[in-house]
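Please examine the sequence and the coordinates before consulting each solution.

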Amino acid sequence: MAKLGKRTRAAREAFAGKEDLSVEEAVALIKANAKTKFDETVEIAMNLGVDPRHADQMVRGVVGLPNGTGKDVRVAVFARGPKADEAKAAGADIVGAEDLMETIQGGTIEFDRCIATPDMMPIVGRLGKVLGPRNLMPNPKVGTVTMDVAEAVQAAKGGEVQFKAEKAGVVHAGVGKVSFDEAKLVENIRAFVDAVSKAKPAGAKGTYMKKVSLSSSMGPGVSVSVENATGN
């Protein structure tokens, strides 16, 4: 068994025996024990009582975090003509059509969010096997297939976060950086939990929100009281 480093041991000791904390307590604990040389991301993981293999139990959505993510989001846009110009003016990092499709097919994916105008979907559709597994496929349900490309680009760069339940019913996302003020992290976390709560699918039965955990990129996780996280 690999020997744990001093920082890792100290963090585990600090977290030992602590569970079902309030969001405020969990954030304070995470911030106090994030000792790496880079600004770690604060991550949330939510275990939901759903089976995403059934269409009526899929959980998917988007939420604008009130204090942003602290991450520089690279945005690619499939568009032509005036819409391509709008995307560039709004700050899109990559804009193209067939040329962008060929770049992606060649294995180069240098973006975190992909947006497309509806007329581009026949082209984008060919990339389903590449973009789908990476959760990058444009989708009208989360506002990434749209004629208002400028608004979509600005939202993506301004702190909008997409979420989608994995096959085990887990939703996870980054909700800020450890350098954020505690109050801003708490506000972001509650906004994310609220969005997932409102995305409860019609087919969900029994307990919908089973467990909520928070962690930093390199730190251990801590469970948060579901009642406190949802404000109930």
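**Exercise 1.** In this predicted model, with which residues is Phe-192 in contact, leaving aside its neighbours within four places in sequence?

*Solution.* Apply the contact criterion of heavy atoms within 4.5 Å. Once the neighbours within four places in sequence are set aside, Phe-192 contacts Ile-44, Met-46, Val-63, Leu-65, Val-161, Phe-163, Val-171, Ala-173 and Val-175.

**Exercise 2.** Identify the residues that touch the most other members of the largest nonpolar core, and the elements that supply this core.

*Solution.* Begin with the members: the core holds 41 residues, and Phe-192 and Val-196 touch the most others. Next, assign elements: at least two residues each come from α2 (23-33), β1 (41-48), β6 (160-164), β7 (170-177), α8 (182-198), β8 (209-216), β9 (222-224) and α9 (226-230). Of these, α8 contributes the most, with 7 residues. Finally, another core of 15 residues lies apart from this one, and Phe-111, Met-120, Ile-123 and Val-124 are among its residues.

**Exercise 3.** Determine the strand order of the open sheet of 3 strands, and the helices that pack on it.

*Solution.* The order is β4-β3-β5, with parallel pairing. Because β4 (94-96) and β5 (113-116) each have a single partner strand, they stand at the edges, and one side of each lacks a neighbour in the sheet. On average, neighbouring strands are turned by 15° against each other, direction ignored. Strand β3 (residues 75-78) pairs with β4 over 3 bridges, and Val-77 has Val-95 as its bridge partner in β4. Turning to the helices, α4 (residues 98-105) touches β3 and β4, and its direction makes about 130° with that of β3. Helix α7 (residues 149-157) touches β3 and β5, at about 165° to the direction of β3.

How values were computed: Residues are numbered from 1 along each chain as its sequence is written. This is a predicted model: local features need pLDDT of at least 70, side-chain atom pairs count only at pLDDT 80 or more; totals for chains, interfaces and linings use all residues. Side-chain values use heavy atoms; hydrogens and water are left out. A nonpolar core is a set of buried Ala, Val, Leu, Ile, Met, Phe, Trp, Tyr and Cys residues joined through side-chain atoms within 4.5 Å. Buried means under 20% relative accessible area, exposed over 50%, partly exposed in between (1.4 Å probe, protein chains only). Helices (H or I, at least four residues) and strands (E, at least two) are DSSP runs, numbered from the N terminus. Two strands pair if DSSP finds at least two bridges between them. Axes are lines fitted to C-alpha atoms, for helices over the stretch in contact, and angles run from 0 to 180 degrees between N-to-C directions.
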